[in-house]
Amino acid sequence: MDINSLQDPDKRIALMRQNMGNMTKIVPWARETGFEVTAIEKGHIWGRQPFSEHLIGDPEDRVIHGGVITTLLDNLSGMACASALSEFRFVATLDLRIDYMRPAETECDIIGEAECYHLTRSVAFCRAWAYHETREKLIATAQGAFAINQPRSISSFGAGA
Amino acid sequence: MTRNEMLQDLLVRVPIVQTLGMRCDVKGDDMTAILPFNNKLIGNFSLKALHGGAIGTFLELTAMAQLFLESDVEKLPRTINITVDYLRRGRAENLFARAYIVKMGRRMSSVRVEAWQAERSKAVAAMQGHFLLSRPELESQ
């Protein structure tokens, strides 16, 4: 990866798009739940959570557990915030509120969408949605605040510190 | 069957509980939920930090288990909403949680959960949530 291109917002988005298929593969818990990033705009990210047996939270109605939606929306929101910044920074979730409109349907993929709608120097604000097919079929909405971490030396990126 | 036996019986049948690898230890009236560390729970490799989604899932399930334990419902409650505060980085260690039922209503309840690692006084995350209890006698009304 060309580290310098991370500092240019447009190049960074382009790089994120290029690596879309790998963005969740390098995150173990995202690989475990199996969601993928499907589209990237500056400050706006879409993803898809496929239905899977091992994510079921209720053995009777066979619906995916809410925690899987937490994982999807938390991760997409963090990415949306990071993509909205003019410089490359790590972000960390401060808080995340999730409201459930209705349970997900069994055997159906869940679409996730996250939008960073405001930035300050130290905090990014994000809202997110989980739905089937279109936003008309809402499963959950989320709202979160993310801390924008102070710059670390670029050489420490991925150094396993 | 005690409520604890019923809870343990239910938890082994819930796939997400098994995927996460969590368990609930009940001693007397107290329940402590335990999430043994596993590499699959990591969210950021360079920081060796637990994924916020894994922590959130664990807290939500802890609240549901506590409600199941303290009520007479036959199913795990349904989540209305949750707010998770991420207070410290979750390290590559076991995570523990305790849930406090703030209010147990007939249909709805309010629960607070706190999670910690090495030191109980240093919370890693806290959750406040509202849950819907599935009581068959109320459904039919």
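Okay, let's start at a helix end: D8(A) caps the N-terminal end of α1(A), with a side-chain oxygen 2.9 Å from the backbone nitrogen of D10(A). That's a polar contact, meaning N or O atoms within 3.5 Å, one able to donate a hydrogen and the other to accept it.

Quick housekeeping. This is a predicted model, where local features need pLDDT of at least 70 and side-chain atom pairs count only at pLDDT 80 or more. Residues are numbered from 1 along each chain, chains are lettered from A, and side-chain values use heavy atoms, without hydrogens or water.

So, which residues of α1(A) are buried? In this helix, residues 9-18, they're R12(A), I13(A), L15(A) and M16(A); buried means under 20% relative accessible area, exposed over 50%, with a 1.4 Å probe and protein chains only. They sit on the same side of α1(A), because they cover an arc of only 160° around the axis, taken from the directions to the C-beta atoms. Over on the other side, D10(A), K11(A) and Q18(A) are exposed. And what covers the buried ones? That includes β1 (36-41), β2 (44-49) and α3 (66-84) of chain A, where contact means heavy atoms within 4.5 Å.

Now, those two strands. β1(A) and β2(A) pair antiparallel over five bridges; DSSP has to find at least two for a pair. A39(A) stands opposite W46(A) in β2(A).

Zooming out, they belong to an open sheet of 12 strands with antiparallel pairing, running from β1(A) to β1(B). Those two stand at the edges, each with a single partner strand, so one side of each has no neighbour in the sheet.

Definitions and conventions
Helix = DSSP H or I, 4+ residues; strand = E, 2+ residues; numbered from the N terminus.
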